[in-house]
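This report covers a helix contact, ring pairs and charges placed over rings. The structure is shown first.

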Amino acid sequence: MKRVLIIGMGSIGQKHYQTFQSLGADVRYVSRHRQEGGISFSQVHNALSQFDPNICLIANDTSQHLDTLKELLSHPKPLRILVEKPLFHHPAQLSVQAQKMVYVGYNLRFFPLLQRLKEEVANRTVLSADIYCGSYLPNWRAGMDYRKTASASSHRGGGVLRDLSHDLDYTQWLLGEITPHSMLSGTFSNLDLDVEDTVLILARAKNCPALTIRLNYTDHLSQRYLHIICDDTTLHADLLANTLTIGDTKENFEGSIQDTYLKQAKAILSPTPSPHLSTFEEALKLLHLIAQLEKMPHV
């Protein structure tokens, strides 16, 4: 039986805990706060010595990822490690050998709709693309004050650039490396935040000469889609409706975004990791993109 250690038991840590348990793994966790049920540890080093996990999942605040990862990599026994996205608060380098042990939780790569879209754009000439992800932050976590979450805090790694980096990741996964041209960002709503709630990026990608990416915490309608214009047709992927429109034809997909956590967990448990897993190198490149965007003049 695989032994899985979850470090951090916020909402995403609890999701991973339940997912790995459903797959029959022996799952324990490290948390500052006592949770109902399960076996917990207050310190990572105690969990490593007493539980002896095969797999570790880092799900604490983004600002703590790097220190936690270094502690896990110093353990004498090799571990397979999954870091919840984004990889770090700021770019940091690890040894090449250490990188091979680390994956990053960009689970939307396991979404069948996006996998199909990847196949479609691979065989076409893309002219332009519009990527949109917007929802209302106070509605994200039922019963939790959004102001107390990491999403609303700069020192904990919040803000839409990092919080919604899934959309940056799958854009690069689909269209190639992004080269930004300009960005407009800021806190434009009356939400109580010390991070940006809106970002508009104008860029190009390796396989897309004209690219816009729009991310926000403020859309009360909740929308997430990709609109890709090719030389022979137009593709529209609605991630919430789980549909892909190619020209005049609309295809409905089974499953949900929530199912991607299960598929990602199965990939981590597998002796041969799936090519859909995000590698350390890919996630670090994305972090450099975020750092580059933050340094740009904000129009």
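## Packing of α1 and α8

In this predicted model, helix α1 (residues 11-22) and helix α8 have axes that come within 10 Å and cross at roughly 65°. The crossing of α1 and α8 is right-handed. On the α1 side, I12, K15, H16, T19, F20 and S22 make the contact; on the α8 side, Y261, L262, Q264, A265, I268 and L269 take part. By class, the residues of this contact are seven nonpolar, four polar and one charged.

## Q264 in helix α8

Helix α8 spans residues 259-269 and includes Q264. The relative accessibility of Q264 is 1%, under the 20% limit, so Q264 counts as buried.

Leaving aside residues up to four places away in sequence, Q264 touches H16, L82, V104, G105, Y106, N107, F110 and L277. Of these, H16 also belongs to the α1 side of the helix contact.

## Aromatic pairs

Four aromatic pairs are present in the structure. One of them joins F88 and F280, with 6.1 Å between ring centres and 65° between the planes, an edge-to-face arrangement. The two residues are 192 apart in the chain and the pair links distant parts of it: F88 is in the loop between β5 (80-83) and α4 (96-99), and F280 is in helix α9 (residues 280-295). F88 counts as buried at 1% relative accessibility, and F280 is buried with a relative accessible area of 0%.

W140 and Y217 form another pair, with ring centres 5.4 Å apart. Their planes meet at 85°, over the 60-degree limit, so this pair is edge-to-face. It too links distant parts of the chain, 77 residues apart. W140 lies in the loop between β7 (126-136) and α6 (160-163), while Y217 lies in the loop between β10 (208-216) and β11 (218-230). Is each of these two residues buried or partly exposed? W140 is partly exposed, because its relative accessibility is 28%; Y217 has 0% and counts as buried.

## Charges over rings

K15 lies over the face of Y261, at 5.1 Å from the ring centre. Both residues are part of the contact between the helices, K15 on α1 and Y261 on α8.

Methods
Residues numbered from 1 in each chain as written. Predicted model: local features only at pLDDT ≥ 70, side-chain atom pairs only at ≥ 80, totals over all residues. Heavy atoms only, no water. Phe/Tyr/Trp six-rings, centres within 6.5 Å; stacked < 30°, edge-to-face > 60°. Helix = DSSP H or I, 4+ residues; strand = E, 2+ residues; numbered from the N terminus. Buried < 20%, exposed > 50% of the residue type's maximum accessible area, 1.4 Å probe, protein only. Lys NZ or Arg CZ within 6 Å of the ring centre and 35° of its normal. Contact = heavy atoms within 4.5 Å. Axes fitted to C-alpha atoms, helices over the stretch in contact; angles between N-to-C directions. Left-handed = near helix turned anticlockwise from the far one by under 90°. Nonpolar A, V, L, I, M, F, W, Y, C, P; charged D, E, K, R; others polar.
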